[in-house]
Amino acid sequence: PVMAGGAWLDDAEDGLRRSATTELEELVRPLEGHGWSIDRRVLRGRAATVIVDTATTLAADLVVVGSRGHGQIATMLLGSVSAEVAEHARCSVLVARRPDVTRMLVATDGSEAAASIPASLAALGVFEGLPATALSVAPVESPGFKLLVDLYTLGDRSLDAQRVELHELHQRHAATMAAQLSAQGIPAEALVRSGDAAHEIIAAAAEADADLIVTGSRGIQGLDRLLLGSVARNVLLHTKASVLIVRERGSQARG
């Protein structure tokens, strides 16, 4: 039989909805084992937009999204959904890649956004006793910048003193974060690295065999947009670990 265009689309949508409902039930089954009350919803629309809007409507504390893995196609999927949700949601976002968390790396830059991480992790109630590394990354000058400084200052060593001060500043950031995590029942050690922030965060997580990377999000405007775009987004796209971007509920996300 020949089916009218509208009827064909309706049948196709019904099939997709049934498939999504089946997948949702499979996802819910292990969650019910924890005694949680589960509100099941199959919604229609653009994935990232619907996820963010629903989280806002529910006043959610946390959005959890999955990752299909790595490679060009997976990166495109992550870029178009998970990273977009992380940028626009008004609450914390977890991009889950691993089934367990045995160690985590918490990145800090000394900002107010980073300072909220320990209390936010404690509020989730699942990280107590989990070992952590508190990392702060000190930036380094580009080769071109170093050359210009040498030319215009005739090798003035004051730049070396500034580097030492910068490294000490990030040592304090890492030590403060480690102390605050430990006070929340999350035993942490401090670590300082130098270089590109996203690259060093990813490398440190891999070396520590961390299952989860935790970062803050300034998520407002101006430089804050660049922070999420150039650091958190690169970490999201290139690490093999799960990533939790901590944002206090109701804060303005990037729009």
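A: Glu189 is partly exposed, at 47% relative accessibility (buried means under 20% relative accessible area, exposed over 50%, partly exposed in between, with a 1.4 Å probe and protein chains only). The model is predicted, so local features need pLDDT of at least 70 and side-chain atom pairs count only at pLDDT 80 or more, whereas totals for chains, interfaces and linings use all residues. Residues are numbered from 1 along each chain as its sequence is written, and side-chain values use heavy atoms, with hydrogens and water left out.

The partner of Glu189 is Arg103, with 3.0 Å between the closest N and O atoms of this salt bridge (a side-chain nitrogen of Lys or Arg within 4 Å of a carboxyl oxygen of Asp or Glu). Glu189 sits in strand β5 (residues 188-194) and Arg103 in the loop between β2 and β3, so the bridge ties together parts that are 86 residues apart in sequence. Helices (H or I, at least four residues) and strands (E, at least two) are DSSP runs, numbered from the N terminus.

A second pair is Arg193 with Glu207, N to O 2.9 Å. Arg193 belongs to strand β5 and Glu207 to helix α9, 14 residues apart. Arg193 is buried at 18% relative accessibility, while Glu207 is exposed at 61%. Through shared partners, salt bridges join Arg193, Glu200 and Glu207 into one network.

The structure holds eight salt bridges. Another of them pairs Asp211 with Arg98, at 3.0 Å from N to O. Asp211 is in the loop between α9 and β6 (212-216) and Arg98 in the loop between β2 (92-96) and β3 (104-107), so parts that are 113 residues apart in sequence are tied together.

Now the nonpolar packing. Leu105 has contacts (heavy atoms within 4.5 Å) that include Ile201, Ala204, Ala205, Ala210 and Leu212, not counting residues up to four places away in sequence. In the largest nonpolar core, of 31 residues, Val93, Leu105 and Ile201 touch the most other members. Helix α9 (residues 197-207) gives the most to this core, with five residues. Such a core is a set of buried Ala, Val, Leu, Ile, Met, Phe, Trp, Tyr and Cys residues joined through side-chain atoms within 4.5 Å.
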